[in-house]
Amino acid sequence: MVLVSVMCPSCGSANVVKFGKRPDGVQRYACRNEKCSRSVFQLDYKYHACEPGIKFRILEMAINGSGVCDISRGSAHPRRRGY
Ligand SMILES: [Zn+2]
């Protein structure tokens, strides 16, 4: 048996409960912290644009003058980028 500690990606709270599964079988979790802005999350996203921090990375690259192709490559998950 393996115990995996799940923490909310937004507030870091460990007060998290299982919240059903997506149709493709991925486990969803709900944060029970009342002050947290994110209520439901997954540990691993199929589409990494939903992960926390991606919006900030895209904004940072746009401000620094990166093109759309650079941003799409730069904001991809490290496994997709190949490094
Ligand atoms: Zn939270």
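Student: In what order do the three strands form the open sheet, and is the pairing parallel or antiparallel?

Tutor: The order is β1-β2-β3, and the pairing is antiparallel. One caution: this is a predicted model, where local features need pLDDT of at least 70, side-chain atom pairs count only at pLDDT 80 or more, and totals for chains, interfaces and linings use all residues. Residues are numbered from 1 along each chain as its sequence is written.

Student: What makes a stretch a strand or a helix?

Tutor: Both are DSSP runs, numbered from the N terminus: helices are H or I with at least four residues, strands are E with at least two. By that rule the protein chain has three helices and three strands. Along the sequence the pattern reads β-β-β-α-α-α.

Student: How many bridges join β2 to β3?

Tutor: Three bridges join them, and the two strands run antiparallel. With at least two needed, β2 and β3 therefore pair as well. Arg-28, for example, has Gln-42 in β3 as its bridge partner.

Student: What is found in the hairpin of β1 and β2?

Tutor: Five residues lie between the strands, and Gly-25 takes a positive phi near 95°.

Student: Why is Val-17 called exposed?

Tutor: Count C-beta atoms, placed from the backbone: a residue is buried if 20 or more others lie within 10 Å of its own, exposed if 12 or fewer, and partly exposed in between. Val-17 has 9 within 10 Å, so Val-17 is exposed. Val-17 lies in strand β1.

Student: And what makes β1 lie largely in the open?

Tutor: Of the six residues of β1, the number buried is zero, so β1 lies largely in the open. For the protein chain, 5% of the 83 residues count as buried.

Student: Which residue in β2 is the bridge partner of Val-17?

Tutor: Ala-30 is the partner.

Student: What does Val-17 touch?

Tutor: Touching means contact: the C-beta atoms of two residues, placed from the backbone, lie within 7 Å. Leaving out residues up to four places away in sequence, Val-17 touches Tyr-29, Ala-30 and Arg-32.

Student: Is Cys-36 exposed, partly exposed or buried?

Tutor: Cys-36 has 18 other C-beta atoms within 10 Å, so Cys-36 is partly exposed. Cys-36 is found in the loop between β2 and β3. Its contacts, not counting residues up to four places away in sequence, are Cys-8, Ser-10, Cys-11, Ser-13 and Cys-31.

Student: How does Ser-5 count?

Tutor: Ser-5 has 6 C-beta neighbours inside 10 Å, so Ser-5 counts as exposed. Ser-5 is found in the segment before β1.
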